[in-house]
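Reader: I am new to protein structures and would like to learn how to read one. Could you walk me through some features, step by step?

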Amino acid sequence: MSYFFQIVVSGVVVGSIYALAALGLVLVYKSSRVANFAHGQIIASGAFITYALTVWASIPIYISFFISMLITFLLAWSVERIFLRRLIGEPIISVIMVTIGLASILDGLIYLTPFGTKNFSFPLFLPAEPISIYGVSISWTQLVGVIITVVLIGGFSWFFKKSTVGISMRAVSDDQFASMSVGISVPSVFGLAWATAGLSAAAAGGIIGNITGLNFDTLHAFGVVVFPVVILGGLDSILGAVVAGIIMGLIQQFAGGYLDGNFGLNGTGEVLPYIILLIILLIKPHGLFGIHEIERV
Amino acid sequence: MKGRNTGWIRLLLTITLIIGMSSYANAGGKVYKVGLSLAITGPTSDAGNPYAKGVEDYFRFVNDTKLLGEDTIDCTIKDDQYQTDVTKRNFEDFLDQGIVFYLNYSTGSTLALKKDFDEVQIPVLPASFHAGNVEDSKYIFLPIASYSEQAVSLAEYVVKNHKGDKPKAAMFIHPSAFGRGPVSDVEKAVAAGLAMEIVEVVEHGNDLDNTAMLQRLMSKGVQYVICQTIQSPVATMLKDASRLSIIAKTFGENGKITFLGAHYTGGNDLIDLAGNAAENFLWTTSYTITSEPGPGTDAQLELAKKYGRDEKAANSHNYANGIMVAQVTTEVIRRAKEKGLEISRKTLYDELNAMNGDNSYQPPTTVGPVTYSLTDRAGVDSLQIYSVQQGKFRKIGEPITSEYMKKIK
């Protein structure tokens, strides 16, 4: 029975981290209707900044984790301010192409640092011994990762539902012109959306980097890995990202635990999430929690 | 007017002097052009970057210390970002430059350019040790034992040292030709009598957690996992295995799994990524490594110091890998020169094929000699087993060679 529960626990852990990594994509899409293809690079940047502050600047990891979130907050805000603000009102495809270009630029910049081509790992700061209950184990890194994910996602949900700025962001997402007419600064909302996405990406990068080690290829790949999560959950839904993340995590782990290696199957954990995604999209084209907009002509 | 004429004359004299001096610099010496295309950035650049530095430094050393007398090697290194189309473009540029020897990198691009190499009849040393590289090709030479030979040697090592019934093993591989290559050869070795059961072959993805896979392997009684991939997925798997307390502390420990891996799974990068979870990981390569000092590694570290490389690059087995292919290239040029032959693709190809028996070449960076012939296309046949002990790779026993690879060829 512990076999089953271990898979459930691992699925939830992986799913939570997917949800956190997906959060940045949702935040940008929610406010500006843009899919950010440079998200993986921002995740990697967050992890590398945390490492640099912790190891090279000798700042305790708890503090450097928050400083890196602040730095990526400013970095993402600057990116929006410099590259994307002038594209407000332009076709979405232009903005998407800019994010693809941005990914290339960030790749190039990271390759100029040691992180582009070298591997590192965070110093141990949590107990190495995992927590084991009735044969089910979870490492401290994973547990802390899940807690941070829950706190951040809870915080962002509250922010969007209750705070004035969050409600402004939702309003801009619904209708930019109507928002402007009631006095909301659309450019500021876009800037803030990118900045908060950067913040959550840094958190995801820090957690993933602690689990996998710091390898640029591995880290920036998560920007793509979480796309199915975002689409399944509904591109503009934070709750959707959480639910879809956990569904994806569980599917991968159950496929790995029960299907792979049996019935001549292999690698189903990689494929099955996409098959489920296609089936769900056939039934719910806007994802599990995506908003179905009805336009009256 | 006179002043202006004098100015022109001075300018012409200066240009003539500069041209004259640069001609003098190469006077009496020939320049042999070599090309290297590899992933300095992009996927696998953690291996490609130190590899490029090794090649660059060794050729600089050859020129600076006049190992070829007045002649020099001009090696152009181009980044292909692990993209075969870019590699092909780079290779064509190198051909236009008149290269006599080519150094390639990835399995994918080596397989894709195989016909091109044959067409222009140029000797090639890739960084990929995929056995398929040399099938139906006359011009590709593997620097060391193929991935297949490495995996079969690890399987043989398991069988030789395992106590009890027939050992049960799984293979953990990269989802590509690079990873899949050795699987059929290990299966052939088992069919040829190697007393081992291959329970499962696992192709990994971008996994954040391998718990389910590891539990499944445990439930099937797997005792050994042989890895043929890169360090990062192995590190994640080892961390999960460590959390589940299933890593064998001694070889073949009952109820636990002993993890082993081929060349690109190990090295200092694995320890950097996996930390303590890398303890007791068994790794094989044909290179000497700096955690087991000797004349070869001393020379490696000295070379890195001479050209200002950081500690990480200096201690990388991929830096040694790059040095080694540059050493082989230099050696064939030296031998051809010694015989008074014109340095060309043909003469260098012939020299490589003659590198056997008494003519074998022992670079300081490998655990055995480099031998090639028309039928032997893998350079160093010997493999050293290393194990992580207290955060360093340590040598286990003497270099080995595979018995079963000869049987299944």
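**Aromatic pairs, sheets and domains**

Author: Gladly! A search of the whole structure finds 37 aromatic pairs over all chains. Keep in mind that this is a predicted model.

Reader: How is a pair of rings described, for instance A:F4 and A:F254?

Author: We use two values, the distance between the ring centres and the angle between the ring planes. For A:F4 and A:F254 the centres are 5.5 Å apart and the planes make an angle of 55 degrees, a tilted pair. A:F4 belongs to helix α1 (residues 2-32) of chain A and A:F254 to helix α11 (residues 238-259) of chain A, so the pair ties together parts that are 250 residues apart in sequence.

Reader: What kind of pair do B:Y147 and B:Y264 form?

Author: Planes over 60 degrees apart count as edge-to-face. The planes of B:Y147 and B:Y264 are at 65 degrees, with the ring centres 6.3 Å apart, so this pair is edge-to-face. B:Y147 lies in helix α6 (residues 147-161) of chain B, while B:Y264 lies in the loop between β9 (258-261) and α10 (268-274) of chain B, so parts 117 residues apart in sequence are tied together. B:Y147 is buried, at 2% relative accessible area, and B:Y264 is buried too, at 10%.

Reader: How do β12 and β13 of chain B pair?

Author: Strand β12 (residues 383-389) and β13 of chain B pair in the antiparallel sense over 6 bridges. To find the spot, look for B:Q389, which stands opposite B:K392 in β13 of chain B.

Reader: What is the pairing in the open sheet of 4 strands in chain B?

Author: It is parallel, with the strands in the order β2-β1-β3-β4. The edge strands are β2 (72-79) and β4 (124-125) of chain B, each pairing on one side only. Strands β1 (residues 31-38) and β3 (residues 101-103) of chain B are joined by 3 bridges in the parallel sense, and B:V34 stands opposite B:F101 in β3 of chain B.

Reader: Which helices lie across these strands?

Author: One of them is helix α3 (residues 84-97) of chain B, which lies across β1, β2 and β3 of chain B at about 155 degrees to β2. Helix α13 (residues 317-338) of chain B lies across β1, β2, β3 and β4 of chain B, at about 170 degrees to β3.

Reader: And how is chain B divided into domains?

Author: Domain 1 takes 31-145 + 295-376, and domain 2 takes 147-285 + 385-408. Their C-alpha centres lie 28 Å apart. The contact takes 17 residues from domain 1 and 19 residues from domain 2 of chain B.

Terms used: Residues numbered from 1 in each chain as written. Chains lettered and ligands numbered in written order. Predicted model: local features only at pLDDT ≥ 70, side-chain atom pairs only at ≥ 80, totals over all residues. Heavy atoms only, no water. Pairing = 2+ DSSP bridges. Helix = DSSP H or I, 4+ residues; strand = E, 2+ residues; numbered from the N terminus. Phe/Tyr/Trp six-rings, centres within 6.5 Å; stacked < 30°, edge-to-face > 60°. Buried < 20%, exposed > 50% of the residue type's maximum accessible area, 1.4 Å probe, protein only. Domains from an automatic or database assignment. Contact = heavy atoms within 4.5 Å. Axes fitted to C-alpha atoms, helices over the stretch in contact; angles between N-to-C directions.
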